[in-house]
Amino acid sequence: MNPQPTANPSVASTGVTVITHPLVQHKLTLMRRKDASTSTFRTLLNEVSMLMAYEVTRDMPVQLVDIDTPLEAMQAPMIDGKKLVFVSILRAGNGILEGMLSVVPGARVGHIGLYRDPQTLQAVEYYFKMPQDMQARDVLVVDPMLATGNSAAAAITRLKQLKPRSIKFVCLLTCPEGIAALQKAHPDVPIFTAAIDRQLNEHGYILPGLGDAGDRIFGTQ
Ligand code: URA
């Protein structure tokens, strides 16, 4: 039996899109395996990020520009990549950045440094650097794991102070608790993910999940 009912992105609930493309699902399964090496994990995350960027940017505005083909002049659509900002939640968000930038090389990049207080699991900010003119930009906030939702919610609260044109949140994996927390804080922010796992454990890890994404990307376990 095919466990994925559709090869198209499916809207799991209002504001949540699960990218169910078989290539994304296959690569995610390889990443989840505990014996995947750091280099395998990183390569797969890079590939999945490219594929996810394809879906997440589906509604990006294009404008017609004048070009010359070898045969004649025409007007053809182009994206204004400079209007897009990828905001990485450090450090694991950087694992998604590379793949996304390889398909939208003109995008700008912002970084937010947040760590989870191990006792409270609340997000504490230690770094914030964004491109200028955020009011004119569409933001994709990236972090592989939407777990408690605290970091994502804190990052988006901070970004909203800069009044960007739009904000989307992109993760590889999430769980019902993470979705509920982010939607409670920011019901206007669409969430894109490759999977919604069963639950959070008492340490704020997603089950079955893939472990600590930062450690798996950077080999710091
Ligand atoms: N962050 C991770 O890296 N993994 C989880 O499962 C949850 C949060």
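In which sense do strand 10 and strand 12 pair, and over how many bridges? In this predicted model, the two run parallel to each other, and two bridges link strand 10 to strand 12, which covers residues 191-193. If you'd like a spot to look at, find F169: it sits opposite I191 in strand 12.

Now look at another partner of strand 10. Strand 8, residues 138-142, also pairs with strand 10 in the parallel sense, this time over five bridges.

Eight strands make up an open sheet, and you can trace them in the order 1-2-12-10-8-5-6-7, with mixed pairing. At the edges are strand 1 (10-13) and strand 7 (123-129), each of which pairs on one side only. From one strand to the next, the twist averages 25°.

Helices come into the picture too. Helix 3, made of residues 94-103, packs on the sheet and touches strand 5 (84-90), strand 6 (108-116), strand 8 and strand 10. Its direction makes about 155° with that of strand 5. Then there's helix 4, residues 150-160, lying across strands 5, 6, 7, 8 and 10 and running at about 45° to strand 7.

So how covered is strand 10 itself, residues 166-170? Mostly: four of its five residues are buried, where buried means under 20% relative accessible area.

Definitions and conventions
Residues are numbered from 1 along each chain as its sequence is written. This is a predicted model: local features need pLDDT of at least 70, side-chain atom pairs count only at pLDDT 80 or more; totals for chains, interfaces and linings use all residues. Side-chain values use heavy atoms; hydrogens and water are left out. Buried means under 20% relative accessible area, exposed over 50%, partly exposed in between (1.4 Å probe, protein chains only). Two strands pair if DSSP finds at least two bridges between them. Axes are lines fitted to C-alpha atoms, for helices over the stretch in contact, and angles run from 0 to 180 degrees between N-to-C directions. Contact means heavy atoms within 4.5 Å.
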